[in-house]
Amino acid sequence: VKIKKRRSTIPSSDINKKPVITMMRGGMMNRSYVVSMVRSFGTMHGTTILCVRKNGRVAMIGDGMVSMGSITVKHNAKKVRRIGDGVLVGFAGSTADAFTLLERLERKLEEHPGQLMRAAVDLAKAWRTDKYLRRLEATLLVADHSLTFEITGNGDVLEPSDGVMGIGSGGPYALAAARALKDIDGLDADTIATKALAIAADMCVYTNHNTIIETLDQSDANSSQDSSSTLNVTPPSSPSSEKEQGK
């Protein structure tokens with residue numbers, strides 16, 4: 001009995017030109033459909049994280065949408081967090097990769113307390129050179145009372161010149177809106193960040209209006225420094241008291 005071989009109808013211009021066969025009940029699925037599904041679900045889209053610094057106050061805000069391809073997975077994710085002693089962190093990209101980098105950043109801050117720049121540079125150096133960390137796909141936005149940095153997997157540690165920085169798919173829209181609103185008198189950092197992210201949510205399909213905002217105030221940092229200095233300083237003893245103790 002001779003069995004005739006059917007010619008494959010798989011187009012040769014798809015991914016890497018490798019054959020993909022998916023068995024289903026009643027026959028085979030078209031390869032082009034499988035390829036489109038892989039491309040759709042395998043593409044992770046970002047979010048919008050914005051940091052605004054004005055008049056000694058820092059506000060970092062992020063939306064809550066988590067999307068995979070054309071599907072919205074979650075609406076109220078928390079992408080802005082507070083770590084260490086007065087450090088705000090927001091992330092865009094893969095969630096698991098971002099949390100891995102957050103843990104590394106916390107370790108660096110424990111090694112260098114109060115030195116956000118050194119911790120950020122060390123993290124970017126390890127992220128660039130380590131074989132495991134090099135594959136992580138995320139971007140971090142970190143800020144304390146005086147500094148703001150964007151940390152990327154390319155080894156970049158970027159600091160804004162005007163105190164405003166945005167990352168993610170809607171980052172350029174939020175950044176442009178925040179820069180336009182920053183020069184308006186009567187608007188604080190919280191209001192600017194909220195309005196700018198609302199504009200980005202109207203323009204970016206991967207950003208929603210469920211926002212989470214974290215703030216830092218320069219007065220809080222000054223009060224904490226004053227309290228720590230008063231606790232560490234002991235009043236000097238007077239000569240009369242030393243004489244009485246000698247007696």
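Trainee: Which residue in E4 is the bridge partner of Ile49?

Mentor: That's Gly62. Keep in mind that this is a predicted model, where local features need pLDDT of at least 70, side-chain atom pairs count only at pLDDT 80 or more, and totals for chains, interfaces and linings use all residues. Residues are numbered from 1 along each chain as its sequence is written, and side-chain values use heavy atoms, with hydrogens and water left out.

Trainee: How many bridges join strand E3 and strand E4?

Mentor: Strands count as paired if DSSP finds at least two bridges between them. Here E3 (residues 48-54) and E4 (residues 57-63) run antiparallel, with six bridges. Strand and helix labels are DSSP runs numbered from the N terminus: at least two residues of E for a strand, at least four of H or I for a helix.

Trainee: In what order do the strands of that open sheet of four lie?

Mentor: Read it as E12-E3-E4-E13, with antiparallel pairing. Strand E12 (164-168) and strand E13 (211-217) are the edges, each pairing on one side only. From one strand to the next, the twist averages 10°; angles run from 0 to 180 degrees between N-to-C directions, on axes fitted to C-alpha atoms, for helices over the stretch in contact.

Trainee: Which strands does H4 touch as it packs on the sheet?

Mentor: Contact means heavy atoms within 4.5 Å. H4 touches E3 and E12, and its direction makes about 165° with that of E12. Helix H5 (residues 189-203) packs on the sheet too, touching E3, E4 and E13, with its direction about 25° from that of E4.

Trainee: Is Gly171 buried or exposed?

Mentor: The cut-offs are under 20% relative accessible area for buried, over 50% for exposed, and partly exposed in between (1.4 Å probe, protein chains only). Gly171 has 1% relative accessibility, so it counts as buried. You'll find Gly171 in helix H4 (residues 171-182). Leaving aside residues up to four places away in sequence, Gly171 touches Thr48 and Gly166. Its C-alpha is 9.8 Å from that of Ala196, 25 residues apart along the chain.

Trainee: And the open sheet of five strands: what is its order?

Mentor: E7-E8-E9-E10-E11, again with antiparallel pairing. Strand E7 (80-83) and strand E11 (157-158) each have a single partner strand, so one side of each has no neighbour in the sheet. Strand E10 (residues 148-151) meets E11 in the antiparallel sense over two bridges, and Glu150 stands opposite Leu158 in E11.

Trainee: Which helices pack there?

Mentor: Helix H2 (residues 95-111) touches E7, strand E8 (87-93) and strand E9 (138-143), and its direction makes about 155° with that of E8. Helix H3 (residues 116-129) touches E8, E9, E10 and E11, with its direction about 5° from that of E10.

Trainee: Which residues form a nonpolar patch on the surface?

Mentor: Patch members need over 30% relative accessible area and no salt bridge; nonpolar side chains (Val, Leu, Ile, Met, Phe, Trp, Tyr) are joined within 5 Å, like charges within 9 Å. A salt bridge puts a Lys or Arg side-chain nitrogen within 4 Å of an Asp or Glu carboxyl oxygen. Met68, Ile71 and Val73 make up this patch, with about 250 Å² of accessible area together (Shrake-Rupley, 1.4 Å probe; for residues, only the protein chains shown count as cover). Met68, in strand E5 (residues 66-68), is partly exposed because its relative accessibility is 35%.

Trainee: How much of the protein counts as buried overall?

Mentor: 37% of the 247 residues. The protein has seven helices and 13 strands.
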